[in-house]
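Trainee: I would like to go through some labels and ask what stands behind each of them.
Mentor: Then put the structure up first.

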Amino acid sequence: MDAKLNHSDLSALLAKHADISVAKSELFSKTFFELIIEGLEQEGIVKINGLGTFKMIDVASRSSVNVNTGEKFEIKGHKKLTFIPADTLKDKVNKPFAIFEPVEIIDEYTDDAECNDDECASDDVYINEAESTNSVTDSNIIENEQPVVISPEQQNDITTESLPDTISQQENKTENLQSEAQEKAPHSEGSRKNHKYAIISLLTLAVLLLCGAIYYSNKNTFPVSDGKPTADKLSVDTQQQSGESSDTVNNQQQVIEDEPESYKFKLIDQLAQQPLSVITLKDTLLYSADGQITTHRVGADETLTKISHIYYNDKRLWPYIVKYNNMSDHNRLAIGMELIIPKLKPVDNPQR
Amino acid sequence: MNNREFISKLAQKSAMSIEEATVNVEQLVNIITERLKDNDQITVSGFGVFDVKMRKERISVNPKSGQRMLVPPKIVPSFRPSAKLKDKFK
């Protein structure tokens with residue numbers, strides 16, 4: 001398997017199989033090949049049954065370029081030695097792949113002949129059968145797709161390119177594409193009714209899409225009242241009711257969970273009875289902004305908590321950044337955004 | 001030169017009878033075929049190299065009908081003449 005044999009190997013094998021002496025077989029095989037050469041010199045063609053045909057072919061002269069200097073030179077016409085393997089040899093060598101045969105490719109496009117039926121324009125109610133067969137050359141041919149087809153000699157790979165020649169040859173084949181294209185640009189050739197239906201359906205679709213878009217864009221803005229940023233101070237104030245930051249909630253939960261159960265319920269009752277403006281948590285942070293430290297340009301993989309940590313050494317202060325940048329949505333941080341980083345001064349907690 | 005002529009000349013040159021030569025040529029061809037089947041390479045110095053090449057599957061088009069066919073991959077025998085031989089004919 002994948003071995004390299006030379007002349008002597010060949011002779012040895014011949015000697016074994018033909019039951020002749022090694023010397024004789026060596027001479028024989030040597031003569032064999034010499035005779036082929038002789039035959040080629042004399043007659044230009046030698047045919048050996050079971051092996052193939054050795055043939056001299058004239059090659060026309062062609063101009064070529066010297067790769068180093070770039071100057072042109074002529075490759076003179078000459079003879080070339082070619083070998084055409086015999087069929088038996090080809091079959092035997094190709095035995096592993098003998099089970100495969102060339103297969104017709106059935107494209108999605110249908111032929112001219114087939115397209116005269118009703119089935120041709122199946123999904124598109126608006127397209128007249130008469131249109132699809134005739135209007136090939138008019139409209140843009142390959143709007144959407146599709147690459148096809150290869151010149152056999154040049155490429156043995158499966159890569160397919162869209163060659164303009166072959167595509168133009170296949171103009172007649174692209175009926176279904178045509179009908180798709182036509183949906184977007186309905187022809188005046190068709191009946192007026194179909195024309196109208198097409199426009200109406202497109203309009204309703206557009207209107208529906210618009211509604212959907214508006215709905216979704218509104219959805220994003222609803223949670224924030226007055227369009228202001230969600231967190232102002234990290235305290236549960238009536239002013240900031242709408243925007244309890246996640247941090248605050250967590251803190252609150254932690255405070256409550258630390259205490260024993262009975263105390264927890266007492267505390268909750270107390271909390272429930274007190275007016276909300278009075279409730280301030282033990283570890284509430286309160287800062288006021290006093291000018292700006294700098295502006296920060298958001299890079300990749302940066303979050304508000306990270307940025308807060310960078311400038312304040314405290315992850316919890318990100319809501320201040322949100323507020324002072326008037327961000328409508330603290331979740332939407334874009335790369336390249338310029339954030340104003342306010343200078344924060346802690347204010348004494350009035351409750352503790 | 002067809003097969004018959006070739007064998008008769010070969011018999012003459014190698015002092016064999018034509019029947020013998022025929023058998024031997026057959027044997028030689030068989031050996032080459034077998035080796036090529038095993039994807040071995042046969043180099044005959046001064047003459048050339050018998051080799052096998054793999055062809056990948058490809059899509060071919062009948063230029064007239066435009067029918068596309070998927071041609072399966074295959075193994076083909078090939079022959080590369082040696083430089084000496086090429087020069088002889090240049």
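Predicted model: local features only at pLDDT ≥ 70, side-chain atom pairs only at ≥ 80, totals over all residues.

Mentor: Residues are numbered from 1 along each chain as its sequence is written, chains are lettered from A and ligands numbered from 1 in the order in which they are written, and side-chain values use heavy atoms, without hydrogens and water.

Trainee: Why is the pair of B:Phe47 and B:Phe50 called tilted?
Mentor: Rings of Phe, Tyr and Trp (its six-membered ring) pair if their centres lie within 6.5 Å; planes under 30 degrees apart are stacked, over 60 edge-to-face, and the rest tilted. The centres of B:Phe47 and B:Phe50 are 6.4 Å apart and the planes stand at 40 degrees, so the pair is tilted.

Trainee: What makes B:Phe47 count as buried?
Mentor: Buried means under 20% relative accessible area, exposed over 50%, and partly exposed in between (1.4 Å probe, protein chains only). B:Phe47 has 1%, so it counts as buried. B:Phe50 also has 1% and is therefore buried.

Trainee: Which residues do ring pairs link into a cluster?
Mentor: A:Phe32, A:Phe33, A:Phe54, A:Phe83, B:Phe6, B:Phe47, B:Phe50 and B:Phe79.
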